[in-house]
Amino acid sequence: QMQLVESGGGLVQPGGSLRLSCANSGRTLRTYNMAWFRQAAGKERESVATINWSGTSTYYVDSVKGRFTISRDNSKNTVYLQMNSLKPEDTAVYYCAAGSLYTPDQYNYWGQGTQVTVTS
């Protein structure tokens, strides 16, 4: 069973940091590619960062390169998104997603989302 649960969101000032976590209490995440998406109010959902099943390949949208880092700890069944130098435009609901390593770029399992608000 796949049940992704995000945590770590909150209110932060510009320039601050947050670390999001995504844990699965069911099946192992070892054979899943993982991703963080976000959706700001009135905007379409966008892929922020992805990491492949082995942790050897990552992708970042241009707007977060150099500021965000995606990582995974398969022994803890958890994926992280370290967000530094946060900007107001990073404000959004952040979602964790999982997809089988056999179907790249397809994410079939989603968490409920965690709100990140960057404001002074």
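Which side chain of opposite charge is nearest to Glu-6, and how far away is it? The views below, all from a predicted model, start there.

**View 1. Glu-6, a buried residue without a salt bridge.** Glu-6 sits in strand S1, residues 4-7. The nearest side chain of opposite charge is that of Arg-45, 9.5 Å away. A salt bridge requires a separation within 4 Å, so Glu-6 has none with Arg-45.

**View 2. Backbone nitrogens at the Glu-6 side chain.** A polar atom of this side chain lies 2.8 Å from the backbone nitrogen of Cys-96. The Glu-6 side chain also reaches the backbone nitrogen of Gly-113, at 2.9 Å.

**View 3. Contacts of Glu-6 beyond its neighbours within four places in sequence.** Ser-21, Cys-22 and Trp-36 are among the residues touched. Tyr-94, Tyr-95 and Cys-96 are also in contact with Glu-6.

**View 4. Asn-77, a residue other than glycine with positive phi.** Its phi is near 55°. Most residues other than glycine have a negative phi. Asn-77 belongs to the loop between strand S7 (68-73) and strand S8 (78-83). Its relative accessible area is 11%. Asn-77 counts as buried because that value falls under 20%.

**View 5. Ser-85, with a positive phi near 50°.** Ser-85, too, is a residue other than glycine. The loop that holds Ser-85 runs between S8 and strand S9 (92-100). Ser-85 is partly exposed, with a relative accessible area of 41%.

Key:
Residues numbered from 1 in each chain as written. Predicted model: local features only at pLDDT ≥ 70, side-chain atom pairs only at ≥ 80, totals over all residues. Heavy atoms only, no water. Helix = DSSP H or I, 4+ residues; strand = E, 2+ residues; numbered from the N terminus. Buried < 20%, exposed > 50% of the residue type's maximum accessible area, 1.4 Å probe, protein only. Lys, Arg positive; Asp, Glu negative; His and termini not counted. Polar contact = N/O pair within 3.5 Å; in protein donor to acceptor, adjacent residues only side chain to side chain. Contact = heavy atoms within 4.5 Å.
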